[in-house]
Amino acid sequence: MSTLFNFHSFLTVVLLGICPCTFVKMQFPPLFELRTGFRGFFWKAARIGERLSPWVAVGCFTMGVSIIFF
């Protein structure tokens with residue numbers, strides 16, 4: 001089944017995109033200076049991780065619980 005049609009897989013892909021981008025931006029800020037093009041996608045994911053960190057944390061926790069128990 002495609003990631004677009006399976007919510008669990010979609011949540012996993014989105015969170016695995018946001019979390020590493022946020023971590024890398026905190027460690028190496030010059031990598032995310034460009035806000036346009038393909039690298040702009042990673043900048044936006046890092047910005048979401050910075051500004052919505054409590055919601056991202058809840059999503060990661062929910063994803064972890066669902067992977068362990070379901």
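Biologist: Why does Trp 55 count as exposed?
Modeller: In this predicted model, Trp 55 has 66% relative accessibility. Exposed means over 50% relative accessible area, buried under 20% and partly exposed in between, with a 1.4 Å probe and protein chains only. The 66% of Trp 55 is therefore in the exposed class. Local features need pLDDT of at least 70 and side-chain atom pairs pLDDT 80 or more, while totals for chains, interfaces and linings use all residues. Residues are numbered from 1 along each chain as its sequence is written, and side-chain values use heavy atoms, without hydrogens and water.

Biologist: Where is the place of Trp 55?
Modeller: Trp 55 is in helix H3, residues 53-69. Helices are DSSP runs of H or I with at least four residues, strands are runs of E with at least two, and both are numbered from the N terminus. The protein chain has three helices and zero strands.

Biologist: Which residues make the nonpolar surface patch?
Modeller: Ile 48, Leu 52, Trp 55 and Val 58 make a patch of about 430 Å². Patch members have over 30% relative accessible area and no salt bridge; nonpolar side chains (Val, Leu, Ile, Met, Phe, Trp, Tyr) are joined within 5 Å, like charges within 9 Å. Areas come from the Shrake-Rupley method with a 1.4 Å probe, and for residues only the protein chains shown count as cover.

Biologist: Why is Leu 16 called exposed?
Modeller: Its relative accessible area is 55%, so Leu 16 passes the cut-off for exposed. Leu 16 is found in helix H1, residues 7-27.

Biologist: What makes Lys 25 and Glu 50 a salt bridge?
Modeller: The rule asks for a side-chain nitrogen of Lys or Arg within 4 Å of a carboxyl oxygen of Asp or Glu. The N to O distance for Lys 25 and Glu 50 is 3.3 Å, so the pair qualifies. This pair links distant parts of the chain, with Lys 25 in helix H1 and Glu 50 in helix H2 (residues 37-51), 25 residues apart.

Biologist: Is Lys 25 buried or exposed?
Modeller: Lys 25 is buried, because its relative accessible area is 14%. Glu 50, at 25%, counts as partly exposed.

Biologist: Which residue meets Glu 50 in a salt bridge at 3.2 Å?
Modeller: Arg 47 does, by its side chain. Salt bridges with shared partners join Lys 25, Arg 47 and Glu 50 into one network. The count by this rule is two salt bridges.
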